[in-house]
Amino acid sequence: MLTVNAYAAPSATEPLIKTTIQRRDLGPKDVLIEIAYAGICHSDIHTVRGDWGPITYPQVVGHEIVGHVTEVGSEVTKHRVGDRVGVGCMVNSCGECEQCLAGQEQYCLEGNIQTYNGVDPADGTITQGGYAQAVVVDENFVLRVPESLDIEKVAPLLCAGITTYSPLRRWNAGPGTKVAVVGMGGLGHMAVKIAVALGAEVTVLSQTTSKREDSLRYGATAHYATKDAATFDELAGTFDLIINTVSAKIDMGAYLGLLAIKGTLVNVGAPAEPLEVPVFQLIMAGRSWAGSAIGGIAETQEMLDFCAEHGILPETELIAAEQINDAYERVLASDVRYRFVIDAKTFA
Ligand code: NAP
Ligand code: ZN
């Protein structure tokens with residue numbers, strides 16, 4: 001076993017603290033990755049604070065991981081020592097069900113094994129995530145990270161990138177489609193950049209106008225403040241597709257009213273509280289309200305290659321490990337532009 005430094009949540013209410021954790025011995029299909037950078041996703045915060053239910057502590061979170069391969073198991077064929085690689089939100093799945101066979105491991109019928117707070121089939125321990133110096137992962141859940149993407153910025157693609165790319169592709173965002181992105185945080189700003197690259201006409205729906213210049217710089221054609229009630233009158237019936245990335249409970253009826261006839265609102269935001277739907281907003285215009293979880297491994301690789309081809313990177317703020325707790329408060333205050341990335345050297 002390998003002992004590595006990490007930052008862990010000791011409970012739902014205490015700050016994260018420096019600690020050490022064990023990584024399992026390399027199995028024949030395992031890859032040892034020295035982590036270079038790890039992004040901070042709002043899901044990390046929901047998880048450690050118990051928003052989605054009780055968890056086991058101490059817990060190391062982090063599922064936007066990039067680094068280099070330092071050792072491979074005897075049967076590994078996909079990755080070599082020295083490769084630049086990434087790990088996202090899953091580290092395993094059954095590999096045999098119809099979803100896994102279709103490359104949709106995120107919907108594994110046995111439940112995929114999450115990068116943190118999952119039960120590791122290799123040894124029965126609780127998986128620990130990317131706020132650490134190194135990680136051991138089955139080679140099938142390790143992605144190739146194109147060299148052209150700045151390693152200091154690329155980590156958030158492993159969650160924020162794929163979580164927005166997958167629904168944009170599934171619901172055919174592209175030339176001629178009007179897409180709205182609700183909430184411009186980590187996921188939201190990636191949704192804007194990716195939808196623009198796909199050729200869609202993109203509008204940002206943010207609480208205020210404070211991020212308007214950024215929206216336009218990332219290629220959106222419009223940015224509206226949702227605190228202004230006039231926004232909902234002006235944009236009623238407009239969008240073919242709305243991607244809701246908001247981490248809190250919002251008035252779904254108001255947003256569903258912005259969909260065109262037969263339009264779809266996809267929820268990727270996962271607030272602690274249930275959302276309420278006034279069904280006539282769906283019924284009277286044949287609209288759909290859908291959900292989407294990250295993306296499969298092959299689609300995640302496709303997204304990384306797409307971002308390399310289009311020169312798409314997240315906007316990041318690099319922090320040291322001891323700044324994680326302050327960064328959490330800033331994410332909760334929607335004061336992140338647009339993703340915090342931890343320099344893993346500072347776990348030393
Ligand atoms: P984030 O960076 O905090 O962004 C969320 C954005 O939502 C904020 O920047 C803010 O944008 C808006 N917002 C926050 N509180 C709000 C409120 N009370 N009312 C209206 N708008 C509000 O979070 P993230 O990392 O992008 O994650 C967003 C959500 O997606 C989280 O719930 C996370 O758990 C979930 N998630 C889901 C998946 C999946 O597979 N489905 C994957 C990753 C994350 P403005 O300032 O522009 O208003
Ligand atoms: Zn995430």
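**Exercise 1. Find which helix supplies the largest share of the shell around ligand 1, and describe that shell.**

Solution. The largest share of the shell comes from H1, which gives 3 residues. This and what follows refer to a predicted model.

Step 1. Look at the helices involved: H1 and H4 each supply at least two residues of the shell.

Step 2. Sort the shell by class. There are 13 nonpolar, 14 polar and 2 charged residues around ligand 1.

Step 3. Pick out the residues that come nearest. Of the 29 residues around ligand 1, these are His-42, Met-184, Ser-206, Lys-211 and Arg-339.

**Exercise 2. List polar contacts of ligand 1 with Met-184, Ser-292 and Arg-339, then state how much of the ligand's area the protein buries.**

Solution. 

Step 1. Take the backbone contacts. A polar backbone atom of Met-184 is 2.7 Å from an oxygen atom of ligand 1. For Ser-292, a backbone N or O atom lies 2.9 Å from a nitrogen atom of the ligand.

Step 2. Take the side-chain contact. Arg-339 places a polar side-chain atom 2.6 Å from an oxygen atom of ligand 1.

Step 3. Turn to area. Ligand 1 taken alone exposes 930 Å², and the protein buries 88% of that.

**Exercise 3. Identify the residues that coordinate the zinc ion (ligand 2) and locate Cys-41 and His-63 in the fold.**

Solution. 

Step 1. Name the donors. The zinc ion is coordinated by Cys-41 through SG, His-63 through NE2 and Cys-159 through SG, at 2.0 to 2.2 Å.

Step 2. Write the spacing of the donor residues in sequence: C-x21-H-x95-C.

Step 3. Check burial, for which the cut-off is under 20% relative accessible area. Cys-41 is buried at 2%, and His-63 is buried at 6%.

**Exercise 4. Explain why helix H3 (residues 160-170) is described as largely enclosed.**

Solution. 

Step 1. Count the buried residues. In H3, 9 of the 11 residues are buried, so the helix is largely enclosed by the rest of the structure.

Step 2. Name them: Ala-160, Gly-161, Ile-162, Thr-163, Thr-164, Tyr-165, Ser-166, Pro-167 and Leu-168.

Step 3. Find their packing partners. The buried residues of H3 pack against several elements, including strand S10 (178-182), helix H4 (186-198), strand S14 (259-267) and helix H9 (297-310).

Step 4. Inspect the backbone just after the helix. There, Asn-172 takes a positive phi of about 60 degrees.

Technical notes: Residues numbered from 1 in each chain as written. Chains lettered and ligands numbered in written order. Predicted model: local features only at pLDDT ≥ 70, side-chain atom pairs only at ≥ 80, totals over all residues. Heavy atoms only, no water. Buried < 20%, exposed > 50% of the residue type's maximum accessible area, 1.4 Å probe, protein only. Helix = DSSP H or I, 4+ residues; strand = E, 2+ residues; numbered from the N terminus. Contact = heavy atoms within 4.5 Å. Donors = N, O, S within 2.8 Å, 3.2 Å for Na, K, Ca; no water. Near = heavy atom within 4 Å. Polar contact = N/O pair within 3.5 Å; in protein donor to acceptor, adjacent residues only side chain to side chain. Areas by Shrake-Rupley, 256 points an atom, 1.4 Å probe, with all protein chains shown as cover. Nonpolar A, V, L, I, M, F, W, Y, C, P; charged D, E, K, R; others polar.
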